[in-house]
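Please keep the sequence and the coordinates in view while reading.

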Amino acid sequence: MIKTDILIIGAGPTGLFAVFEAGLLKLRCHLIDALTQPGGQCSEIYPKKPIYDIPGFPEVLAGELVDNLMEQIKPFQPGFTLGERAEKIDKLDDGTFVVTTNKGTKHHAPVVAIAGGLGSFEPRKPILTDLVKFEDKGIAYMIKDPEVYRNKRVLIAGGGDSALDWSIFLANVAEEVYLVHRRNEFRGALDSVEKVQELKNLGKIKLFTPAEVIELNGREQLENVVVKMSDTGKEITVYIDNFIPLFGLSPKLGPIADWGLEIEKNAIKVDNTLDYQTNVPGIYAIGDVNTYPGKLKLILCGFHEATLMCQSAYQRIHPNKKYVMKYTTVGGITGFDGSVKEAPKAVVKAID
Amino acid sequence: MTDIKIKIIDREGVLHEVDAPTDMNMNLMEVVRSYELAPEGTIGICGGMAMCASCQCYVNSDTDLPEKSDDEEAMLSEAFFVKDNSRLGCQIRITEDIEGLEVELAPEEA
């Protein structure tokens, strides 16, 4: 069981900054995120895109912002459970919470802060009859262990970086690799596109473009798929062991929607007059995942919400302790790792 | 300040005729959101970067629209429920040239 003071669900910019504000109050944080890297949408969807409305940064790339936040919170040694989705919450008799992920990892904390953005990122699934029937019986939406595909006949669908990169990688692992895309053009890094071209010329990747998988067949296991060429209308049956549709990820609020929290407009209702607490005391919601009158889904608003949430969490954890907010310029920063950052002292010295 | 009239059929099949401002640097996806014609969180998920297809719509009028950018073309090639008249609402800017545009919102992806 992982124990912490504030359990943060979602490692996007709001969740990361909450670690900093909590650290100033000597509260420790642990973050859970379904993605395998911190940063949320900033890392997953638009790392190379600029943001212009972070106060003090005339322009910053989303990926850079995440790097900076990771650097800023480093002294406060946050824990991470990455690649796992928060699935279940249980309130214990003493008012604390246990949050369990889809992989069974348990986290115990007196305060839970949901900074889940638009939800957890789930693979986008194509619309095909019997798709669900063949899941884990030949169909997978993510490649966890490439060795599974050794000497297998694999068909990948999609036109982005992951479809290209995995086709390249599996070309040397699988017996046969087919790549199906709705267009002739691929959207990916130039060298990946060129590499696929090269492997196609060598006969190591068989390309179907413009084409679409329209049918799945098999008894228990997936045995073949029907690929329809969009230009000629010709239908080709391809015998394969594995079908991997790679159509990117889309966010879903997911299991959090069933935690007994008040939901409005696909977001969690919070008390914005005070501390961004939900209808369940001890559970807060900050950043894009919450809603209240006048809500704006902006990173800078998430930072503010995280800050007020931490003050309230402190009082909840230490009901009898007196505390006033201190400026970092005055108080400096003392990390849990023992590091100290503080403003240099002014020199007091007489001039003769 | 000038507004134009746009007809939008929502995902339930209901037709709405709305006024869309041409002077607020808005796009069609934002107009749909401002009139709350689709629930928050089901449209404009990526914020308007042509990186999701949650604002996909079918253009029913013969309005002359600007060509698709490479990004829009690429996204639509990976989207579901795509038809020949599919566009991403976030890539259609509200200008006087598109007065009378009529669109239908594509179904929400499962």
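Helix axes are lines fitted to C-alpha atoms over the stretch in contact, and the angle between two of them runs from 0 to 180 degrees between N-to-C directions. The model discussed here is a predicted one.

In chain A, helix 4 (residues 161-171) packs against helix 5 (residues 190-201) at an angle of about 40°, and the two axes lie 10 Å apart. Angles under 35 degrees count as roughly parallel and those from 65 to 115 as roughly perpendicular; helix 4 of chain A and helix 5 of chain A are therefore oblique to each other. The crossing of helix 4 of chain A with helix 5 of chain A is left-handed. Helix 4 of chain A contributes A:D161, A:L164, A:D165, A:S167, A:I168 and A:A171 to the contact, while helix 5 of chain A contributes A:S192, A:V193, A:K195, A:V196 and A:L199. By class, six nonpolar, two polar and three charged residues make up this contact.

Chain B contains two helices and five strands, arranged from the N terminus in the order β-β-α-β-α-β-β. Its C-alpha atoms fill a box of roughly 35 × 30 × 25 Å along the principal axes. A compact globule of 110 residues would have a radius of gyration near 13 Å, and the value of 13 Å for chain B therefore agrees. Of the 110 residues in chain B, 36% are buried. Among contacts in chain B between residues at least 6 apart in sequence, 62% link residues at least 24 apart.

Finally, the two chains meet in a contact that takes 21 residues from chain A and 15 residues from chain B. On the side of chain B that touches chain A, nine residues are nonpolar, three polar and three charged.

Note on methods:
Residues are numbered from 1 along each chain as its sequence is written. Chains are lettered from A and ligands numbered from 1 in the order in which they are written. This is a predicted model: local features need pLDDT of at least 70, side-chain atom pairs count only at pLDDT 80 or more; totals for chains, interfaces and linings use all residues. Two residues are in contact if their C-beta atoms, placed from the backbone, lie within 7 Å. Ala, Val, Leu, Ile, Met, Phe, Trp, Tyr, Cys and Pro count as nonpolar, Asp, Glu, Lys and Arg as charged, and the others, Gly among them, as polar. Helices (H or I, at least four residues) and strands (E, at least two) are DSSP runs, numbered from the N terminus. Angles under 35 degrees count as roughly parallel, over 145 as roughly antiparallel, 65 to 115 as roughly perpendicular and the rest as oblique. A crossing is left-handed if the near helix is turned anticlockwise from the far one by less than a right angle, and right-handed if clockwise. The radius of gyration is taken over C-alpha atoms; the globule rule is 2.2 Å times the number of residues to the power 0.38. A residue is buried if 20 or more other C-beta atoms lie within 10 Å of its own, exposed if 12 or fewer, and partly exposed in between; C-beta atoms are placed from the backbone.
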